[in-house]
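Thanks for making time. Please have the viewer open.

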Amino acid sequence: IDLSPKAIAIARQRGIKAEFIDANFYDYDFPPASFDVIVCVETLFYVVDQIHFVAKLASLIRSRGFLTLTTINKFVYKRRRDIGPPPPGQVRKWLSMRQTRRLLTPYFEILMMATMEPRGD
C-alpha cells in the first residue's frame with residue numbers, strides 16, 4: 001500500500017506477483033489480523049502519528065506473526081554532513097533506537113534490532 005499512484009505503477013511494471021494498493025494506510029479497510037508478515041521499509045520516519053501507525057500495523061498481524069521494519073536511526077543520520085534539512089512539507093520524524101524500541105514494545109516482542117551505518121560521510 002502506498003499513497004503514491006506513481007509508486008504503485010512503478011511497482012506493477014516490475015512484474016512482481018503481489019497486490020499493490022494505492023490508498024491511505026489509515027483509511028484502507030483491511031480485515032483485522034489479516035497478515036502473517038508485514039514488511040515496512042523506510043516509511044516510519046515520514047509518519048506524523050507514529051503511535052497510531054504502529055498500533056494499526058499491530059492490529060493487522062495475526063497472532064505469532066511478524067513485523068519487519070526498517071527506518072532511519074536518528075543518532076546516525078543527525079551526524080551525516082550530506083543530508084540537508086527536509087524540503088518544505090516533508091515529514092522527518094527520525095527516531096533513535098531507544099525511541100523506536102519504546103514505540104514498538106507495547107505492541108510487539110522485539111526479536112532483533114540493529115543499526116547499519118551507510119557508507120560515506
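Of the 121 residues in this chain, 23% are buried. Keep in mind that this is a predicted model. The accessible surface comes to about 9000 Å². Carbon and sulfur atoms hold 55% of that surface.

Next, extent. Taken along the principal axes, the C-alpha atoms fill a box of roughly 40 × 35 × 25 Å.

Now charges. I count 18 positive side chains and 12 negative ones. The centres of the two sets lie 7 Å apart.

On to secondary structure. There are 4 helices and 2 strands. Along the sequence they run α-β-α-β-α-α.

What about contacts? Take those in the chain with a separation of 6 or more: 62% of them join residues 24 or more positions apart.

Let's zoom in on α2, residues 50-60. Which of its residues are buried? They are Q50, F53, V54, K56, L57 and L60. Note that the list includes a lysine, K56, and a glutamine, Q50.

How are these buried residues arranged around the axis of α2? Looking down that axis, they fall within an arc of 160 degrees, so they line one face of the helix. An α-helix has 3.6 residues a turn, so residues three or four places apart point the same way.

And what does α2 pack its buried residues against? Three elements: strand β1 at 35-41, strand β2 at 61-70, and helix α4 at 97-104.

That's the tour. Over to you.

How values were computed: Residues are numbered from 1 along each chain as its sequence is written. This is a predicted model: local features need pLDDT of at least 70, side-chain atom pairs count only at pLDDT 80 or more; totals for chains, interfaces and linings use all residues. Side-chain values use heavy atoms; hydrogens and water are left out. Buried means under 20% relative accessible area, exposed over 50%, partly exposed in between (1.4 Å probe, protein chains only). Contact means heavy atoms within 4.5 Å. Accessible areas come from the Shrake-Rupley method with a 1.4 Å probe; for residues, only the protein chains shown count as cover. Lys and Arg count as positive and Asp and Glu as negative; His and the chain ends are not counted. The place of a charge is taken as NZ of Lys, CZ of Arg, CG of Asp or CD of Glu. The arc is that of the directions from the helix axis to the C-beta atoms.
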